[in-house]
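Please look over the structure shown below before reading on.

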Amino acid sequence: MSRIKAGVSLYSLQDQYLTKKMTLEDIIHYVKECGAEGIEILPDQMLKGAPDLTDEQVADWHRMLKETGLQPVIADVFLNTNLYKNRTLTHRECIDLLIKEIKQANRLGIHLIRLVSMVPYWVIEPLLPYCEKYDVTIAIEVHAGMAFDVKATNDFINEVKRLKTPYAGIVIDTGIFCRKFPRVVKNYELNNGASPEMFDYCDKLLDQGTDLHAVIRQNGGKLPEDFVATWKTHEDEIFGPLCDGYENYPYEVMDDLMPYIKHFHFKMFEMTDEGPEYSIDFKGLLQYLHDHNYDGYVCTEYEGNRFTLPGHPTVEREQVARNVKYVQACLKEIQG
Amino acid sequence: MFDNNVFLQGTCKNVSEGGKVIGFEMQTNITYYRAIPLSMMEYVHVSVDGEAVPDEDIRVSLDQNDWFTQKEAETVTTYKWEYGDPLYIRVLKDGGLSKGSHQVKLTVAVRTAYIPVPLEGTKEREVVID
């Protein structure tokens, strides 16, 4: 039996935090009010001094969790391989940094770490004794633009399979399930001077069940000529190459991966007035997950804040509330 | 994408030491969505009224106590530029900005963990010195 639970990544409310409209405490309480059961946090974003937290910070964290009853589901961790300008970290330095992150997660009562895309596969085996000791699982993020056709991602997944350990897996970001090009991204870019034809091109591909990323891959890694032909402005030249960050995989791409999937980022750009998200069919995805016995969290990850038109307020709070409500309604219908 | 984080409004002013104006100062949020050690700051550029300030005249600080040249900042791994805390940027220039209105442009870039190019943000503001 699947038991899918709705959570919120605090990433979704980052602008509230940056502009000091909300503190971490405000955000945690707000997420509870929205009806979430769990939270996801980027320690590097909202816990100062991470991963070297003070005992007071850790006690405060546990107090907020106790007050709200929210589960601390997952910590989003980064590996600063380019900490120095003149060289890349050695293997040992990388592993030492990640050991600190595992210990930090344990102090925070978190049992799952999301490793950012492109973290190399060779960190897993040396980290396993620490994962076991501190009861923390490490999982690579499969993110649009850095998904199943990217060597680093596949190497990591293959290593997870080889090691046959419950302490390593993957996190899926729903940006790989875009059925329409995000409207807020398009409008933001049009305002910056981009040409509508560029987005029409991307939407046509999505309509056909493919996407620009896949077409580039089929074209030997080069942008298709007829896509570049849609460019008219300087902004097109800047943003055009970034249009491949919205992929259109079928859910079936997860068929063989379900045993390794530990968590979902419910990446979302725009909850519409009508109900669903503009680009991503969360209801269809939740049905798939239910049918495949997924037992875990799906965490709202609002990305539309970055595409707020100049002079407009960000609508993070409203969008998060809407997404959680929508996901909970879908779950009620699907799970009963 | 992170232009809105750059150059906090109302922070640009002349700075004095020992009764002498030694330059001017401004603050910026990070052009990223998380904290990083200061060594991962890739560069800071400042221009005034269309003219670039020499990078070697720029100093940066996280606490307004320890100030680093950009070359020195490359080795500062102990202290983090926190998300939500400003980086203080000082331009050493005898007399600072002259009285009147100036167009001051600030460009900030940081290295991320997984994106091959640094994340850059720019903002130009009109600054009035009384």
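Two residues are taken to be in contact if their C-beta atoms, placed from the backbone, lie within 7 Å. This is a predicted model, and in it Ile138(A) touches Ile113(A), Leu115(A), Ile124(A), Leu127(A), Cys131(A), Tyr167(A) and Ala168(A), when residues up to four places away in sequence are not counted.

Ile138(A) also belongs to the largest nonpolar core, which holds 130 residues, and the members that touch the most others are Ile113(A), Leu115(A), Ile138(A), Ala139(A) and Val327(A). Helix 14 of chain A, residues 316-335, gives the largest share of this core, namely seven residues. Because domain 1 (3-177 + 249-335) and domain 2 (185-241) of chain A both supply residues to the core, it lies between them. In soluble globular proteins, nonpolar side chains tend to be buried together.

Helix 5 (residues 91-107) and helix 6 (residues 124-134) of chain A have axes that come within 10 Å and cross at roughly 10°. Angles under 35 degrees count as roughly parallel, so helix 5 of chain A is roughly parallel to helix 6 of chain A. The residues through which these two helices meet are set out by helix in the table.

| Helix | Residues in the contact |
|---|---|
| Helix 5 of chain A | Ile95(A), Leu98(A), Ile99(A), Ile102(A), Lys103(A), Asn106(A) |
| Helix 6 of chain A | Pro126(A), Leu127(A), Tyr130(A), Cys131(A), Tyr134(A) |

By class, this contact of helix 5 with helix 6 of chain A has nine nonpolar, one polar and one charged residues.

Between the chains, the contact takes 22 residues from chain A and 18 residues from chain B. The side of chain B that touches chain A has nine nonpolar, four polar and five charged residues.

Conventions: Residues are numbered from 1 along each chain as its sequence is written. Chains are lettered from A and ligands numbered from 1 in the order in which they are written. This is a predicted model: local features need pLDDT of at least 70, side-chain atom pairs count only at pLDDT 80 or more; totals for chains, interfaces and linings use all residues. A nonpolar core is a set of buried Ala, Val, Leu, Ile, Met, Phe, Trp, Tyr and Cys residues joined through C-beta atoms within 7 Å. A residue is buried if 20 or more other C-beta atoms lie within 10 Å of its own, exposed if 12 or fewer, and partly exposed in between; C-beta atoms are placed from the backbone. Helices (H or I, at least four residues) and strands (E, at least two) are DSSP runs, numbered from the N terminus. Domain bounds come from an automatic or database domain assignment. Ala, Val, Leu, Ile, Met, Phe, Trp, Tyr, Cys and Pro count as nonpolar, Asp, Glu, Lys and Arg as charged, and the others, Gly among them, as polar. Axes are lines fitted to C-alpha atoms, for helices over the stretch in contact, and angles run from 0 to 180 degrees between N-to-C directions. Angles under 35 degrees count as roughly parallel, over 145 as roughly antiparallel, 65 to 115 as roughly perpendicular and the rest as oblique.
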